[in-house]
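Work through the exercises below with the model open. Try each task before you read its solution.

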Amino acid sequence: MKARIAGIGAYAPERVVTNDQLSEIVDTSDEWIRSRTGISERRISTGETTRDLAAEAARRALKAAGVDARELDIIILGTSSPDNNYPSDACSVQAMIGAENAVAFDISAACAGFIFAMNIVHGFFQAGIYKTALIIGAETLSKVTDWTDRGTCVLFGDGAGAAVLKAEETGVVDMLMGSDGTKGPILSCTSRTLGNFLTGTKPELGLMTMDGQEVFRFAVKKVPESIEILLERNHISREEIKYYVLHQANERIVEAAARRLKEPMEKFPMTISKYGNTSSASIPLLLNDMAEKDMLQPGDKIILSGFGAGMTWGAVLMEW
Ligand code: COA
């Protein structure tokens, strides 16, 4: 059996922060941000936690799928900004939505988290172990963002997206995932520095650091490369793909992928302008936007592709 999306849901904090508002706290401008990234605004939490956003997205996905939380066998939550070291946000969400029969755990694959979660569930379904799953990408990146670093703080936003997956005859056709730990330092966030009675230092909370150009180079290579592998090994032509649903990190990365794949931009829907980069939440936020606009019909072939810190990357070829 294959993992099929039975319902999708998303939720982002209400508070909108515009580029002009950011230019009041760092030396930047609306023009610079829009032209370099495609971002106009982002949502920033004024109190809601990662698990709060995740639980609301989950409730919406369950409603869209017509599935009761008690039917869930498994919940996997991808995040790079968890509320706690433990308990996992997935366990918190399990309690918040009353999914008492589900095993729940978080995965750390940064912006590829939603794709990794989907692929793990697909594996469980193929092995016949579970039948109904909830996958979530949820982030409050605003708490790990260095608000004095204009090179990163203009890029990210908070939000969550979730999908209910059911084991069915159609759904995920093929998928791939990869990691390259040697590139870890180009995008990193220490959770807490070392400090104990022996070192004589106090642990401190870490903030995100990034080599933007290296990440850019990595993404414009890996994203089209992964998509091409899926197309070639499944003997699927580009014409058969209705949409490419890419991680929303930067409009220019999406444009570069479209150019390399020789596909028109109309096949690359985007939400980056209103949410910024929401890491693991960006793909389900985009899918939810597409579902709300009725852009997806049963049988449509789409490819999802994400990349992020690790470095990690993943792609899924699926029938809607
Ligand atoms: N506003 C104004 N100027 C800024 C700025 C900002 N927010 N951020 C950086 N700059 C400046 C730099 O200081 C630099 O100035 P200098 O030439 O005087 O040194 C100049 O703009 C160019 O910086 P550069 O880093 O070369 O810009 P860029 O064209 O590479 O764009 C990113 C920077 C971050 C937008 C781009 O590299 C990027 O999107 N990378 C990928 C990041 C990403 O996707 N991360 C998440 C992965 S999941």
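**Exercise 1.** Which helices and strands each supply at least two residues of the lining of the second largest pocket?

*Solution.* Note the source of the coordinates: this is a predicted model.
Step 1. List the lining. It consists of G9, A10, Y11, A12, R43, R60, K274, Y275, L285, N288, D289 and E292.
Step 2. Assign the elements. Strand 1 (2-11), helix 9 (272-275) and helix 10 (282-292) each give at least two residues.
Step 3. Find the main contributor. Helix 10 gives the most, with four residues.

**Exercise 2.** Is N250 buried or exposed, and what does its side chain reach?

*Solution.* 
Step 1. N250 sits in the loop between strand 11 (241-246) and helix 8 (251-261).
Step 2. Apply the cut-off. Buried means under 20% relative accessible area. N250 has 9% relative accessibility, so N250 counts as buried.
Step 3. Follow the side chain. The N250 side chain reaches the backbone oxygen of R36 at 3.0 Å. The N250 side chain also reaches the backbone nitrogen of R252, at 2.7 Å.
Step 4. Check the contacts. Leaving out residues up to four places away in sequence, N250 touches R36, T37, F216 and I272.

**Exercise 3.** Summarise residues 231-320.

*Solution.* 
Step 1. Read the record. An unreviewed UniProt entry lists these residues as "domain: Beta-ketoacyl-[acyl-carrier-protein] synthase III C-terminal".
Step 2. Turn to the model. Residues 231-320 are 32% helix and 24% strand. Their end C-alpha atoms lie 16 Å apart.

Notes: Residues numbered from 1 in each chain as written. Predicted model: local features only at pLDDT ≥ 70, side-chain atom pairs only at ≥ 80, totals over all residues. Heavy atoms only, no water. Buried < 20%, exposed > 50% of the residue type's maximum accessible area, 1.4 Å probe, protein only. Polar contact = N/O pair within 3.5 Å; in protein donor to acceptor, adjacent residues only side chain to side chain. Contact = heavy atoms within 4.5 Å. UniProt positions renumbered as here; feature names shortened; annotations may be inferred. 1 Å grid on protein atoms, 1.4 Å probe; cavity = no way out; pocket = protein on both sides within 12 Å on 5 of 7 lines; lining within 4 Å.
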